[in-house]
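Biologist: Can you put the model up and take me through it? I'd like to start with the overall picture and then go to single residues.

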Amino acid sequence: MTGNGRAPAVDWEHAPGTRIEQALRARLQAGSPLGPGEHARIVFDAGQIAWTLELDGAAMRVWAGRAPRATTTILADAGTLGAVAEGSESGVHAFLAGRLSIRGNMALALKLDGFDHPSRPPRSPRARTVQALGVDTFYLDAGTGPPVVLLHGLGATNASMLPTLGELSRDHRVLAPDLPGFGDSGKPIRRYHAAFFARWCVAFLDAVGVERAHLIGNSMGGRAAIETALRAPERVDRLVLYAPSMAFRRFRALVPFARLLLPHVGALPLTVPRASALRGLYAMFSRPERVADAWHQAAIDEFTRVFSTARGRIALFSAAREIYLEEAHGHRGFWDRLPALSRPALFLWGDRDRLVPAGFARHVERALPHARSVVLEDCGHVPQFEHPERTHRLVREFLTA
């Protein structure tokens with residue numbers, strides 16, 4: 001044993017294949033990440049050799065080979081797979097470094113990687129589930145220090161915020177939930193508007209024992225962060241908003257037609273061709289080739305998995321409808337309420353964002369003259385992926401100002 005009580009790392013590149021299998025078996029002694037009645041097959045693929053971890057509720061077994069119709073496939077070289085299997089390296093950090101890729105159910109990989117075990121690296125995200133506002137909420141919890149909550153965008157999951165989690169968990173406690181209706185969180189049949197997300201966010205802070213936190217949100221998650229700060233400013237320290245979705249100021253004549261598009265159409269067995277979903281994802285970037293194809297494929301896998309469920313589709317349609325129907329002006333109008341935002345805020349926009357145009361920046365600057373607003377050049381809708389270094393440098397400067 002080493003001085004810190006951990007077993008010494010194994011030279012996985014030169015160890016027999018059985019050593020990785022043994023590491024997986026030892027990892028299972030911590031228990032299964034699945035609940036009763038759940039079943040999954042996770043393939044650990046090192047190229048020339050692979051192992052399958054089969055989970056059936058609390059029952060588990062490991063065998064050499066690739067299972068057909070795997071729930072999740074984790075691909076990496078033998079050295080990386082071995083380090084992740086023994087727990088000496090976080091799978092999330094290997095994924096962010098581009099040394100590991102995930103296909104299929106990414107949430108399951110995050111749960112397995114984040115399951116408690118003695119050899120966990122200090123910054124490795126822990127996978128948790130709590131009840132917040134009556135919704136089972138899946139989240140990742142990484143690092144120690146001032147708390148930060150990451151709120152993802154429409155159609156995404158907490159995986160879309162992993163670059164920010166990886167960066168800030170060096171010196172913050174970072175909590176990255178799947179918002180209600182998305183990912184592996186509960187999907188109640190209801191309206192998914194900003195007020196609901198704000199109430200849920202306060203309940204989530206209560207559930208995880210955080211009195212006050214920085215909120216960082218992307219797109220719809222940014223709108224949820226703004227609403228939380230408007231309604232419960234005492235629970236929010238600072239806001240960082242990556243291209244937050246905002247009430248439309250133009251095209252309001254189409255509102256009556258949007259009201260007719262009821263979310264319950266999601267109960268129909270709808271599908272989105274993978275090629276179409278991929279084109280939609282590429283449209284969120286100024287230059288999609290900046291991001292590894294493995295990341296694009298993992299994002300589409302997660303979107304397809306959630307969209308394949310009726311409740312996932314209903315929640316997506318409801319949230320999208322509420323974004324468009326939000327009132328722009330008046331007593332409840334977003335733009336007339338925005339000047340009441342009292343918490344310090346940093347807005348980051350992409351000059352080539354097709355979803356939330358950078359033109360919104362001038363309206364925000366007029367409503368919030370004391371907020372900071374930065375337009376990132378050659379950037380689309382997800383700056384945490386497209387320009388991670390500059391984005392996170394600005395975030396750190398702002399959070400420590």
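**Charges, fold and a few residues**

Modeller: This is a predicted model. The protein has 49 positive and 39 negative charges, and their mean positions are 5 Å apart.

Biologist: What is the secondary structure of the protein?

Modeller: It comes to 15 helices and 13 strands.

Biologist: And what radius of gyration does the protein have against a compact globule?

Modeller: The protein has 21 Å, and a compact globule with 401 residues would be near 21 Å, so the two agree. Along the principal axes, the C-alpha atoms fill a box of roughly 65 × 50 × 40 Å.

Biologist: How much of the protein is made up of buried residues?

Modeller: Buried residues are 56% of the 401. The protein exposes about 17,300 Å², and 56% of that area is supplied by carbon and sulfur atoms.

Biologist: What share of the contacts with a separation of 6 or more comes from residues 24 or more positions apart?

Modeller: That share is 69% in the protein.

Biologist: Switching to helix 9. Which residues in it are buried?

Modeller: Helix 9 covers residues 274–282, and A277, L278 and L281 are buried in it. Seen down the helix axis, the buried residues fall within an arc of 100 degrees, so they line one face of helix 9.

Biologist: What covers the buried residues of helix 9?

Modeller: The cover includes helix 10, residues 293–307.

Biologist: Now backbone angles. What is the phi of L133?

Modeller: About 55 degrees, a positive value, although L133 is not a glycine. Most residues other than glycine have a negative phi.

Biologist: Where does L133 lie?

Modeller: L133 is in the loop between strand 6 (126–132) and strand 7 (135–142). L133 counts as partly exposed because its relative accessibility is 42%.

Biologist: And A243, what is its phi?

Modeller: Phi of A243 is near 45 degrees, which is positive in a residue other than glycine. A243 lies in the loop between strand 11 (236–242) and helix 8 (255–259).

Biologist: Is A243 buried or exposed?

Modeller: A243 counts as buried, because its relative accessibility is 0%.

Biologist: On to the prolines. Where is P180?

Modeller: P180 is in the loop between strand 9 (173–177) and helix 6 (194–207). With a relative accessible area of 0%, P180 is buried.

Biologist: What is P180 in contact with, leaving aside neighbours within four places in sequence?

Modeller: P180 is in contact with V135, S185, G186, Y192, F196, F197 and W200.

Biologist: How far apart are P180 and A315?

Modeller: They are 135 residues apart in sequence, and C-alpha to C-alpha they are 8.4 Å apart in space.

Biologist: Then P33. Where is its place?

Modeller: P33 is in the loop between helix 1 (17–28) and strand 1 (39–45).

Biologist: Why does P33 count as buried?

Modeller: Because its relative accessibility is 16%, and buried means under 20%.

Biologist: Which residues does P33 touch, not counting those up to four places away in sequence?

Modeller: P33 touches L55, K111, L112 and F115.

Biologist: How far from P33 is Q48?

Modeller: P33 and Q48 are 15 residues apart along the chain, and their C-alpha atoms are separated by 27 Å.

Definitions and conventions:
Residues numbered from 1 in each chain as written. Predicted model: local features only at pLDDT ≥ 70, side-chain atom pairs only at ≥ 80, totals over all residues. Heavy atoms only, no water. Helix = DSSP H or I, 4+ residues; strand = E, 2+ residues; numbered from the N terminus. Rg over C-alpha atoms; globule rule 2.2 N^0.38 Å. Buried < 20%, exposed > 50% of the residue type's maximum accessible area, 1.4 Å probe, protein only. Contact = heavy atoms within 4.5 Å. Areas by Shrake-Rupley, 256 points an atom, 1.4 Å probe, with all protein chains shown as cover. Lys, Arg positive; Asp, Glu negative; His and termini not counted. Charge placed at Lys NZ, Arg CZ, Asp CG, Glu CD. Arc of directions from axis to C-beta.
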